Amino acid sequence: MSSDQTMRDLMANLPVPEFDATPWAPPPPLAEATVAIVTSAGLHRVDQDPFAGRGDHSYRMFDREDRGLVLGHWSSNFDRSAFVLDHNVVYPIDRLEELAADGIIGSVAPRHVAFAGNQPDTVAEVRLDTGPAAAAELRADGVDVAILTPV
């Protein structure tokens with residue numbers, strides 16, 4: 001069996017958290033919204049600590065102007081070639097800049113956030129601790145909408 005099929009089989013059988021209610025806060029019209037990127041690619045600046053490996057629930061914030069981010073995703077099943085050719089594959093910052101310039105979105109957030117994608121099955125730490133902490137930082141920056149780029 002291929003490693004891809006092994007991963008697919010594993011993911012197909014993971015339990016999914018269930019919630020009694022889904023919180024929802026309607027955003028402003030997109031043309032007025034400040035938009036941030038949240039990725040699970042383990043991105044970080046070269047001056048930031050890399051993610052430590054499985055079980056690292058932390059996150060990294062980086063500025064809108066930051067380029068040359070390091071891809072910290074280390075799974076042997078992840079093909080990095082697309083990221084090497086175009087960072088927008090996992091971090092579509094240039095596309096957001098274009099959308100803002102065209103008036104499709106109000107503005108690009110001043111900061112964006114990355115998590116490592118290899119989290120425990122329950123994702124409890126991210127759901128209850130670091131996720132809300134990162135969200136609070138984005139809200140403090142005036143973010144209305146987050147684009148999620150799962151890796």
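Residues are numbered from 1 along each chain as its sequence is written, and side-chain values use heavy atoms, without hydrogens and water. As the model is predicted, local features need pLDDT of at least 70 and side-chain atom pairs count only at pLDDT 80 or more, while totals for chains, interfaces and linings use all residues.

The protein has four helices and seven strands, taken as DSSP runs numbered from the N terminus (helices H or I, at least four residues; strands E, at least two). Their order from the N terminus is α-β-β-β-β-α-α-β-β-α-β. The C-alpha trace spans about 50 × 40 × 25 Å along its principal axes. Of the 151 residues, 34% count as buried, that is, under 20% relative accessible area with a 1.4 Å probe and protein chains only.

Next comes the pocket. For lining residues, the cut-off is an atom within 4 Å of a pocket point; a pocket is an open set of points on a 1 Å grid over the protein atoms alone, where a 1.4 Å probe fits, with protein on both sides within 12 Å along at least five of seven lines. The largest pocket has a volume of about 1200 Å³, the space filled by probe spheres set on the points. Of its 31 lining residues, V38, G131, A135, A146 and L148 are the closest to the centre. Helix α4 (124–140) is one of the elements that supply at least two lining residues, and the largest share, eight residues, comes from α4.

The structure also holds two aromatic pairs, meaning Phe, Tyr or Trp rings (for Trp, the six-membered ring) with centres within 6.5 Å; planes under 30 degrees apart are stacked, over 60 edge-to-face, and the rest tilted. Y59 and F115 have ring centres 5.8 Å apart and planes at 45°, so this pair is tilted. Because Y59 lies in strand β3 (residues 59–63) and F115 in strand β6 (residues 111–115), the pair ties together parts 56 residues apart in sequence. Y59 is buried at 19% relative accessibility, and F115 is buried at 9%. F62 and Y91 form an edge-to-face pair, 5.2 Å centre to centre with 80° between the planes. Both F62 and Y91 are buried.

Note on methods
Buried < 20%, exposed > 50% of the residue type's maximum accessible area, 1.4 Å probe, protein only.
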